[in-house]
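Good morning, and thank you for coming.

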Amino acid sequence: MITADHLIKTFTRNEKRNKKREINAVDDISLQVAAGEIVGILGPNGAGKTTLLRMMSRLMKPTSGTVSIRIGQTEISDAVEVKRHIGYLSNNTKLYGRLSARELLQMLGVLYGLSEGDTAKRIVKISEILSMDSFLDNRIEKLSTGQTQRASIARCLIQRSTSLTSRRWGLISSAARPSSIL
């Protein structure tokens with residue numbers, strides 16, 4: 001479960017003539033997302049959606065408020081441990097272009113503490129669901145935009161994480177959406 005309690009994120013904008021103005025990108029947001037729950041965060045450009053997701057995944061510190069991440073009854077606070085449980089996907093996520101999608105997922109599986117066998121099984125399942133078999137062993141830098149998006153989604157799912165995304169699902173059919181393997 002992820003709980004956001006009165007999150008505020010303030011940025012300082014430089015304006016004309018050395019004037020500075022503070023802007024709340026996120027202004028007193030509270031929400032709770034249970035395990036397996038799917039939540040949509042909607043709003044126009046600049047409304048703070050990505051900033052909220054970054055704070056909820058502990059990639060960005062709020063100006064005020066708190067984020068609590070619980071796996072079962074255990075609260076997770078260590079940054080590395082949080083990354084083992086939360087996959088964050090944004091529009092500008094970069095992947096290692098010289099690796100194949102399979103090599104990337106194998107590397108991440110090891111980093112997240114999965115055994116080689118478990119990682120291999122997860123790769124097979126994720127590849128099947130996201131229809132990645134035809135390009136799984138191609139270098140990421142050679143993939144189409146849609147294939148790269150699928151590799152990015154797979155990156156978030158390899159450790160059986162809770163996934164936060166600020167992306168549109170694009171060309172992936174509803175039957176292939178990652179929620180079916182979480």
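What should the 13 residues of helix H5 span at 1.5 Å a residue, and how far apart are its end C-alpha atoms? Before I reply, please note that this is a predicted model, in which local features need pLDDT of at least 70, side-chain atom pairs count only at pLDDT 80 or more, and totals for chains, interfaces and linings use all residues. Residues are numbered from 1 along each chain as its sequence is written, and side-chain values use heavy atoms, with hydrogens and water left out.

Helices (H or I, at least four residues) and strands (E, at least two) are DSSP runs, numbered from the N terminus. The expected span of a helix is 1.5 Å times one less than its number of residues. Helix H5, residues 145-157, should therefore span 18 Å, and its end C-alpha atoms are 19 Å apart, which agrees.

Which residues of H5 are buried? Here buried means under 20% relative accessible area, exposed means over 50%, and partly exposed is in between, with a 1.4 Å probe and protein chains only. The buried residues of H5 include Gly 146, Arg 150, Ala 154 and Leu 157.

Let us turn to the nonpolar cores. A nonpolar core is a set of buried Ala, Val, Leu, Ile, Met, Phe, Trp, Tyr and Cys residues joined through side-chain atoms within 4.5 Å. The largest has 21 residues, and among those with the most contacts inside it are Leu 105, Ile 126 and Ala 154. H3, H4 and H5 each supply at least two residues of this core, and H5 gives the most, with five residues. Leaving aside neighbours within four places in sequence, Ala 154 is in contact (heavy atoms within 4.5 Å) with Leu 105, Ile 126, Leu 130 and Met 132. Apart from this core lies another, of 14 residues, among them Val 33 and Met 60.

Helix H4, residues 116-129, also contains Ser 127. Is Ser 127 buried or exposed? Ser 127 counts as buried, because its relative accessibility is 1%. Beyond its neighbours within four places in sequence, Ser 127 is in contact with Met 132, Asp 133 and Leu 136.

His 6, in strand E1 (residues 2-14), is not a glycine, although its phi is positive, at about 55°. His 6 is partly exposed, with a relative accessible area of 44%. Asn 18, in the loop between E1 and strand E2 (20-33), also has a positive phi, near 60°. At 78% relative accessibility, Asn 18 counts as exposed.
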